[in-house]
Amino acid sequence: MNWLWVVVVGLVLGLIARAIIPGEQRIPMSLTTIFGILGSVLGNAVAGWLRVADTRGIDWTRHVLQVIGAVAVVLVGDMFWNAIRGDRRRRRA
């Protein structure tokens, strides 16, 4: 059951990151989910480093750090994806 939540949270964070980043991201949904998971792990690591991972109530700081991590990973991942796959739309035009 924990893996299901990891995938769901990764998908949600990846979609939020794609909505925040301006422009169009050309990565598939599977990579969006993976990048969201990686961003969540990155945000949790930073929250632990800042010692704000365990607080009473809702961990708003940790959640914001997870979103920031997801935005960073999706942004870098999209750049790598376009570099590997090539920007086919620009080649055709």
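Here are some questions and answers about how this predicted model is described.

The model is predicted, so local features need pLDDT of at least 70 and side-chain atom pairs count only at pLDDT 80 or more, while totals for chains, interfaces and linings use all residues. Residues are numbered from 1 along each chain as its sequence is written, and side-chain values use heavy atoms, with hydrogens and water left out.

Q: What makes up the secondary structure of the protein?
A: Four helices and zero strands, which read α-α-α-α along the sequence. Helices here are DSSP runs of H or I with at least four residues, strands are runs of E with at least two, and the numbering starts from the N terminus.

Q: Why is Gln25 called buried?
A: Buried means under 20% relative accessible area, exposed means over 50%, and partly exposed is in between (1.4 Å probe, protein chains only). Gln25 has 8% relative accessibility, so it counts as buried. You'll find Gln25 in the loop between helix H1 (2-20) and helix H2 (29-49).

Q: Which residues is Gln25 in contact with, leaving aside its neighbours within four places in sequence?
A: Those are Arg18 and Asp78. Contact means heavy atoms within 4.5 Å. The side chain of Gln25 also reaches the backbone oxygen of Ile21, at 3.5 Å.

Q: What makes Arg62 and Asp59 a salt bridge?
A: The term asks for a side-chain nitrogen of Lys or Arg within 4 Å of a carboxyl oxygen of Asp or Glu. The closest N and O atoms of Arg62 and Asp59 are 3.2 Å apart, so the pair qualifies. Side chains of opposite charge can pair when their charged atoms come close.

Q: Is Asp59 buried or exposed?
A: Asp59 has 11% relative accessibility, so it goes down as buried.

Q: Why does Arg51 count as exposed?
A: Its relative accessibility is 76%, so Arg51 lands on the exposed side of the cut-off. Arg51 sits in the loop between H2 and helix H3 (60-85).

Q: What is the phi of Arg51?
A: It is positive, about 65°, although Arg51 is not a glycine. Most residues other than glycine have a negative phi.

Q: What share of the residues in the protein is buried?
A: Buried residues make up 32% of the 93 residues.

Q: What size of box do the C-alpha atoms fill?
A: Roughly 55 × 30 × 20 Å, taken along the principal axes.

Definitions and conventions:
A polar contact is a pair of N or O atoms within 3.5 Å; within protein, one must be able to donate a hydrogen and the other to accept it, and residues adjacent in sequence count only if both atoms are side-chain atoms.
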